[in-house]
Amino acid sequence: MASDINNLHMDKRIRSAYESCLELLEDSVYLLSRSLTSVSAPGNNHDVQTWLSAALTNQDTCTEGFADVGGNVKDQMAVKLKDLSQLVSNCLAIFAAVNGDDDFAGVPIQNRRRRLMGSHDRGSTVVSVKNHEDYFPKWLSRKDRMLLDAPVSVIQADIIVSKDGNGTVKTIAEAIKKVPDYNTRRIIIYVKAGRYEEDILKLGRKKTNVMLIGDGKGKTMISGGKSVSQSLTTFHTATFAATGAGFIARDITFENWAGPSKHQAVALRIGADHAVIYRCNIVGYQDTLYVHSQRQFYRECDIYGTVDFIFGNAAVVLQNCSIYARKPMDFQKNTITAQNRKDPNQNTGISIHACKIVATSDLEASKGSFPTYLGRPWKMYSRTVVMLSYLGDHLHPHGWLEWNATFALETLYYGEYMNYGPGAAVGQRVTWPGYRVITSTEEASKFTVAQFIFGSSWLPSTGVAFLAGLNT
């Protein structure tokens, strides 16, 4: 396919969309291959559904990249991709039917058989790393768990990045090149304090099991200013991107400084399975954090933005994070999330659990002119929940915003569970068929680390403290 289209004339915007597609579809081939080899293995249901969901998301992202352009390249890509989306969607539907549909209120949550939870899955306490053996999602090894809490001074890094020349390399790009493909042991890249602004910073699919450690929020800064105003796809604007499985980042600031007038400008894009982002700042305006696909966990991060600034189609839990709405451009509304689940059998969604949703000082001073909403539906089966979180008074009483008239209002799933603070009152919330005030502990528990991202099977090895259950 690539050789047929590659020779066609492309301007910069179309070339960006085309190159995004090549990367995304190559990743999909890999994910589909993994699904085929794993589908009959016992206990792999959730893995297979995750990989099929991600393959469908990749195809959708490819198509989205051509949304605002025309011409031969778009037409040829449309022909080549005509049946792919339907085929993967059919695979998801068949897989869900065969393995049982764990459904509630007409909205599929996982479409898989439940495993019985151990006592730690029902835990109600914030777990200290000292108890990591019992409480952290087990997708990370014991060594990884310890690394996430260890002082930098005692960590034996494989690669040290230092701008002053006192490390292994001077740039993060050089460090990434040194990581072996399909690495099976944990590779630690320590990025010393400083501001790193490099052209292309991407840990691709082959760069697995990489841990990126900095000196702290605001000390180690990975910065960039790419935006769609430069004729790039949103996918290609990311200051830093990671798709290699098992990616971990700790104590780093990821920033896109393009500003609100440049529109979509991603600071961090993650499409890595079993990814953990711990104690990081993620700073931007529109489209700050792209939780693109697969299973992800964010803990004790500060996330800043304006429009749709946490978006994508991963199965992701953000826990104990501070989410800051900033002052947008005149006449804009702030929307914290834009979740883009397009198929009812995808096991994806955004879960915001035990977080603080607040306004920055510039927005606080003029919040009456710039309403903020918890989210809006990017795709038909958009799914987002906010649980046990503090909501500031900058939130509009309606809570949620339409994407376009009545689009997806019946098929989305938006839920709130036992939030508190001046913005948490639900009396004036939207009355859409897909919106619910969750009153059932059982229903809310489906969006916890233990159940939504199967985190108790992988997070313990990271060493990141987390709540497996609701903490009720």
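In what kind of crossing does α3 pass α5? Describe the contact of these helices as well.

*Solution.* The structure is a predicted model in which local features need pLDDT of at least 70 and side-chain atom pairs count only at pLDDT 80 or more, while totals for chains, interfaces and linings use all residues. Residues are numbered from 1 along each chain as its sequence is written, and side-chain values use heavy atoms, with hydrogens and water left out.

- Begin with the axes: those of α3 and helix α5 (residues 84-99) come within 9 Å and cross at roughly 160°. Axes are lines fitted to C-alpha atoms, for helices over the stretch in contact, with angles from 0 to 180 degrees between N-to-C directions. Helices are DSSP runs of H or I with at least four residues, and strands are E runs of at least two, both numbered from the N terminus.
- Next, the direction: α3 and α5 are therefore roughly antiparallel to each other (angles over 145 degrees).
- Then the hand: α3 passes α5 in a left-handed crossing (the near helix is turned anticlockwise from the far one by less than a right angle).
- Now the residues: N45, V48, Q49, L52, S53, A55, L56 and Q59 of α3 meet L84, S85, V88, S89, C91, L92, F95 and N99 of α5. Contact means heavy atoms within 4.5 Å.
- Finally, the classes: this contact of α3 with α5 has nine nonpolar, seven polar and no charged residues. Ala, Val, Leu, Ile, Met, Phe, Trp, Tyr, Cys and Pro count as nonpolar, Asp, Glu, Lys and Arg as charged, and the others, Gly among them, as polar.

At what angle do the axes of α2 and α3 cross, and which residues make the contact?

*Solution.* 

- The axes of helix α2 (residues 12-38) and helix α3 (residues 45-65) cross at roughly 165° and come within 8 Å. That makes α2 roughly antiparallel to α3.
- The crossing of α2 and α3 is left-handed.
- On the α2 side the contact is made by R13, A17, C21, L24, L25, D27, S28, L31, L32, R34, S35 and S38. On the α3 side V48, W51, L52, A54, A55, N58, T61, C62 and G65 take part.
- Sorted by class, the contact of α2 with α3 has twelve nonpolar, six polar and three charged residues.

**Exercise: two aspartates**

Is D27 buried or exposed, and which side chain does its own side chain meet in a polar contact?

*Solution.* 

- D27 is found in helix α2. At 13% relative accessibility, D27 counts as buried (buried is under 20% relative accessible area, exposed over 50%, partly exposed in between, with a 1.4 Å probe and protein chains only).
- Leaving out residues up to four places away in sequence, D27 touches N58, R205 and T243. With R205 there is a polar contact between the two side chains (2.9 Å). A polar contact is a pair of N or O atoms within 3.5 Å; within protein, one must be able to donate a hydrogen and the other to accept it, and residues adjacent in sequence count only if both atoms are side-chain atoms.
- D181 is in the loop between α8 (172-177) and β4 (187-191). D181 is partly exposed, with a relative accessible area of 43%.

**Exercise: positive phi**

What is phi of Y182, and what is phi of N209?

*Solution.* 

- Phi of Y182 is near 50°, a positive value in a residue other than glycine. Y182 lies in the loop between α8 and β4 and is partly exposed, with a relative accessible area of 37%.
- N209 is not a glycine either, and its phi is positive, about 55°. N209 sits in the loop between β6 (202-203) and β7 (210-213); at a relative accessible area of 21%, N209 is partly exposed.

**Exercise: a strand residue and the chain**

Which residues does T384 touch, and how many helices and strands are in the chain?

*Solution.* 

- T384 lies in strand β25 (residues 383-387) and counts as buried, at 0% relative accessibility.
- Not counting residues up to four places away in sequence, T384 touches T337, Q339, I350, W400, Y413, Y414 and G415. S351 is 33 residues from T384 in sequence and 5.8 Å from it in space, C-alpha to C-alpha.
- The chain has eleven helices and 28 strands. Of its 472 residues, 61% count as buried.
- Among contacts in the chain with a separation of 6 or more, 72% are between residues 24 or more positions apart.

Terms used
Angles under 35 degrees count as roughly parallel, over 145 as roughly antiparallel, 65 to 115 as roughly perpendicular and the rest as oblique.
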